[in-house]
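This report covers selected local features of one model. The sequence and structure come first.

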Amino acid sequence: MTVFSGLSEELTLAEAADLARLGEYAAAAELLQRAATDDVARLDLLARVHAQAGDLEQADAAWARVLELAPESEPALAGRRLIAKIRSGRLRKRPVGRRLAAAGAAVVVVAGVAVIVATLPWSSPEPAPTAAPLATTSPAVQAELDRLHASQSKAAEEEQSRQQKLTALASHLGGDGVQVTTGSAVTITFDEGLFGPNAISPSGDGRRALERWGAVLKGQDVRVTVIGHGVAVPGGPASDGSSTALARAASAARVLATASGLPLTTFAITSADQATPVHEGTDVAANRTVTLEVTPA
């Protein structure tokens with residue numbers, strides 16, 4: 001195992017433990033199950049997550065796999081003994097309230113009755129799942145993990161903020177004759193073609209559609225990429241961009257700048273690949289168009 005893969009593995013364990021602390025057991029289990037590697041720490045943590053989620057069958061299976069790899073693993077032996085007692089009815093059961101579960105107490109649910117998993121080696125006032133994998137982490141590795149956590153948290157906050165801005169922006173960019181989708185940008189797709197065959201200036205209806213939609217940009221602090229589209233013709237190239245598509249993008253940008261009152265420098269232009277039409281099907285006229293990608297400035 002390389003240093004990088006080792007850090008990645010420890011980071012995965014730490015993230016899964018964080019999810020378990022929050023009670024997001026399904027997400028924690030999914031994260032741990034992505035890697036097909038037989039790692040004892042990963043399998044042990046997976047068993048604990050299943051146990052806390054009340055899935056005794058999966059917990060027992062995970063601990064059984066741990067014992068195949070590490071026959072002397074005390075946590076796995078204890079976990080399987082406990083599950084056997086629960087299944088046989090020999091373990092005393094008593095109700096556990098939400099307060100205990102929220103505090104991180106290890107619980108399992110049997111026949112609708114929650115019982116405290118008090119005899120497991122990792123049962124403690126602190127969330128148990130992280131104890132084993134992180135106990136052996138060196139200070140240098142832990143520092144790197146902390147740095148990665150901080151970096152990921154900041155990136156997640158920035159991404160959340162960006163998505164919120166895109167969602168808010170998308171709510172202002174709708175209108176008749178267009179479809180609005182949100183991904184890395186707000187994408188505007190016109191329902192009808194805006195240009196005639198071989199034309200690089202919009203048709204009358206196309207110009208009106210661009211002017212109508214361009215008005216929604218008034219006062220918006222945005223950047224717009226205008227993507228021109230063309231239709232492959234017999235004997236011509238079937239893929240890559242085209243000068244016609246690029247000219248359509250430039251022509252549409254000028255119309256949008258005038259309609260919105262925004263400077264022409266707000267708009268960037270590019271050509272789409274002819275092999276990826278905007279609208280699937282045989283109506284090629286709808287693909288003589290432009291699409292727009294809008295992002296906050």
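Is Asn198 buried or exposed? Asn198 is exposed, with a relative accessible area of 67%; exposed means over 50% relative accessible area, buried under 20%, and partly exposed in between, with a 1.4 Å probe and protein chains only.

The model is predicted: local features need pLDDT of at least 70 and side-chain atom pairs count only at pLDDT 80 or more, while totals for chains, interfaces and linings use all residues. Residues are numbered from 1 along each chain as its sequence is written, and side-chain values use heavy atoms, with hydrogens and water left out.

**Loop and strands**

Asn198 lies in the loop between strand S4 (186-190) and helix H9 (204-214). Helices (H or I, at least four residues) and strands (E, at least two) are DSSP runs, numbered from the N terminus. The phi of Asn198 is near 65 degrees, a positive value in a residue other than glycine.

S4 is largely enclosed by the rest of the structure, because four of its five residues are buried. The table gives the strand pairings; two strands pair if DSSP finds at least two bridges between them.

| Strands | Sense | Bridges | Example of opposite residues |
|---|---|---|---|
| S3 (residues 178-182) and S4 | antiparallel | five bridges | Val180 and Ile188 |
| S4 and S7 (residues 290-296) | antiparallel | four bridges | Thr189 and Thr291 |

S3 is joined to S4 by a hairpin through three residues.

**Helices H3 and H4**

The axes of helix H3 (residues 40-53) and helix H4 (residues 56-69) come within 8 Å and cross at roughly 160 degrees. Axes are lines fitted to C-alpha atoms, for helices over the stretch in contact, with angles from 0 to 180 degrees between N-to-C directions. H3 and H4 are therefore roughly antiparallel to each other, a term for angles over 145 degrees. Their crossing is left-handed: the near helix is turned anticlockwise from the far one by less than a right angle.

On the H3 side, the contact (heavy atoms within 4.5 Å) is made by Val40, Leu43, Asp44, Ala47, Arg48, His50 and Ala51. H4 contributes Gln58, Ala59, Ala62, Trp63, Arg65, Val66 and Leu69. These residues divide into nine nonpolar, two polar and three charged. Ala, Val, Leu, Ile, Met, Phe, Trp, Tyr, Cys and Pro count as nonpolar, Asp, Glu, Lys and Arg as charged, and the others, Gly among them, as polar.

Notes:
Angles under 35 degrees count as roughly parallel, over 145 as roughly antiparallel, 65 to 115 as roughly perpendicular and the rest as oblique.
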